[in-house]
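Please read the following account alongside the sequence and the coordinates.

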Amino acid sequence: MKNRLIAATAIIASTMGVANGEPSDISVWAWGVAASSLESTLKGFNAVHPEITVNIEQLGYAQVKSRVLAACAAGGTGLPDVFQFQNIEMELITAQFPDCATDLAELGFSNQDGEKFPAFKMAALKSGDKIHGMPWDTGPVMMFYRRDMYDKAGVDPDAIKTWDDFVDAGKQIQAANEGVVMTNDNLNGGAEWFRMIANEQGCGYFSSDGETITINQPGCVAALEVLKTVSDEGLLTAGDFGERLQNAAANAVATQMNGAWFEGSLRTNVPEDQSGLWGMYFMPSVAEGGPRAANVGGSLLAIANSSDNKKAAYEFVSYALGTNEGQVTMLREYGLVPSLLSALDDPYVGETREFWGGQKIWQDVLSSLDRIVPAVGTPFFGDADQVMQATQIAYLNGEFGTAKEALDDAAQQISFSTGLPIAE
Amino acid sequence: MRLRTTTAYGFLLPYLAIFAAFWLWPIVYSFYLSFMSTRRLPWSFNPGMTWGRIVQDPAFFNALGNTLTILLIQVPVMIALATVLAVLLNSRLLMAKGLLRFAFFAPVVIGEAAYAAVFRLMFNSEFGIVNKGMEAVGLPGIQWFGNPDAAMAVIIIAVTWRWVGYNAIIILSGLQSIPEDVYEAARLDNVSPRQQFLYITLPLLRPVILFCLVLSVIGSMQLFAEPYLITNQGGPGGATETLGLFLYRQGFLNLNFGYASAIAYTIAALAVAISLLNLWLGRERT
């Protein structure tokens, strides 16, 4: 299979006139471990395409986002050949600058290629016949926990089935581990916790067709109530992405809830003596027996329309994201969960991982994939997310009587700034 | 005569062309944009989505409120501190004057990104020196970046730290221009040092302080880097979002250029209003 794909890539390449040895340079913008993981595919890629030099520039997530948007607004000036973007935010670009990312169909991305990825991933990247990017990874939500801290408090992670269980466990863990907080959320700069629990409960900012606002529906109300309880019990402190990793490295936090792509960031940022001390379990649900799967994050690679090396760029993107070899390398090195369906059957997935206390983490992570219904982005994700961040802080500080009132207000504000109606 | 003006305009042309392309045209174009709904392509004429929104947008009033809060708390506190600092730096009893003056001025020299990163670390709720210090003396730690008021306090402290020395140096130059014989006469009349400060130093410093005030007000209106870098883009939940940050967010993160243009014009109008107020205050003095 692997060889066939490489052969296929080589054939495409030769028909497109790139593999004729003509050297070309392509530049890529990506953030965090995503950039590192692309770097890790270069060895394999250059074995097939020695003539293409790939320069990967590792930036912060906010930097990539603001630079790409500014460059698209400037008609593509200053864009690299390839850039990373979050799936949930991509419609912002395609709605405002439909020609900023090139149409991959023109470069040879066929319908059959599209079927190699989950339908929801492709749906967000298509407008009409145009395909604006190639799906990269997904983010099944997991609870990343410290085995030693849970053990010390006598807490069994498998017994944490509901958020109430999580709160009880948190109290015990904080009592047994001096100076440790149960968990962190990016409270001051994001609404990820809310979005994860809301997604688990089947709720999102917008309806699945993207035409109405659903942020005040029961699933979202339940999610905000959970956040408030965890915060009120003193089990959650604020920290942006870097600070959550610092806390983990400093043995100051017992649990992190995040997309499975957090695996690589965590593993490569904590000291080596924490190897074997970490584990994963599924996120708790609101009610006993309720859903326990959600998605957060997940990216794509797009090729700039302004690129002079579109063909070479496409070669690289289709190797890194469209072959098992590329995708499994990134999973192995940095924990990026492939959205390429065939990569999920790779034998590597069944291996135990020493860092994770011998757990077969990828088997666990991937088993939740088909229970996930990811939230839709729409061009208005940013607007809604900003309103939600403000609402969440106001609610946590007691400015609203109930979560429902807070979210009704948020729905009004989102409706006001986007012009979309609130769902019945 | 005519030829001479033509030649003069010829020399001015490169500048005028650049001015027209990069100043005049954007100013005119953004005025046009401020009437357009830019939420979806194609853009359409719909002032209700821009001007109609700004007069009732809670997020805009939040940013305006935050900017005014900083203006009304940070600027007076900083100018008062700077005046006291300047008087102390001017003291005869002070050793190593040059070194101390440089030390207080130094924060301005440091890049915004560098000092923002240090402030984030100092106020980190788990490991920051501020919370560790408070815990050491028995006070409870504060969630500096999770609590809206605390986050605002951090911004005010940071901006004050950065600019107080700069203002103190300007005020110090004002102090040194006050003739020594005025104080000599006061001492002969047995005026206490406190009264000297209140009735001689302060009134004579008034123009310098007013100058610092105008500069600081303009600086506060434009505040962007601190809330962007220190409180994670105006967090928590917009509690430290200033007008500049709000404009950036609408224009370059939400790609809502129409609304961003309307915000830009509103900020400009506010700046004009405040400048007129300053002029009026200045005129009354003479």
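A residue is called buried when its relative accessible area is under 20%, exposed when that area is over 50%, and partly exposed in between, with a 1.4 Å probe and protein chains only. This is a predicted model, in which local features need pLDDT of at least 70 and side-chain atom pairs count only at pLDDT 80 or more, while totals for chains, interfaces and linings use all residues; side-chain values use heavy atoms, with hydrogens and water left out. Residues are numbered from 1 along each chain as its sequence is written, and chains are lettered from A and ligands numbered from 1 in the order in which they are written.

By that criterion both A:Glu263 and A:Arg267 are buried, and the two form a salt bridge with their closest N and O atoms 2.7 Å apart, where a salt bridge is a side-chain nitrogen of Lys or Arg within 4 Å of a carboxyl oxygen of Asp or Glu. Both partners belong to helix H12 (residues 262-269) of chain A, four residues apart, about one turn of the helix; helices here are DSSP runs (H or I, at least four residues) and strands likewise (E, at least two), numbered from the N terminus. Elsewhere, salt bridges with shared partners join A:Asp240, A:Glu243 and B:Arg120 into one network.

Helix H10 (residues 218-232) of chain A holds A:Asp232 and A:Lys228, again four residues apart, and their salt bridge has its closest N and O atoms 3.6 Å apart. A:Lys228 counts as buried, at 17% relative accessibility. In the salt bridge between A:Lys116 and A:Asp113 (3.1 Å, N to O), A:Lys116 is partly exposed at 32%, whereas A:Asp113 is buried at 16%. Over all chains, the whole structure has 18 salt bridges.

What divides the lining of the second largest pocket into nonpolar, polar and charged residues? Under a scheme in which Ala, Val, Leu, Ile, Met, Phe, Trp, Tyr, Cys and Pro count as nonpolar, Asp, Glu, Lys and Arg as charged, and the others, Gly among them, as polar, the lining has 16 nonpolar, 18 polar and eight charged residues.
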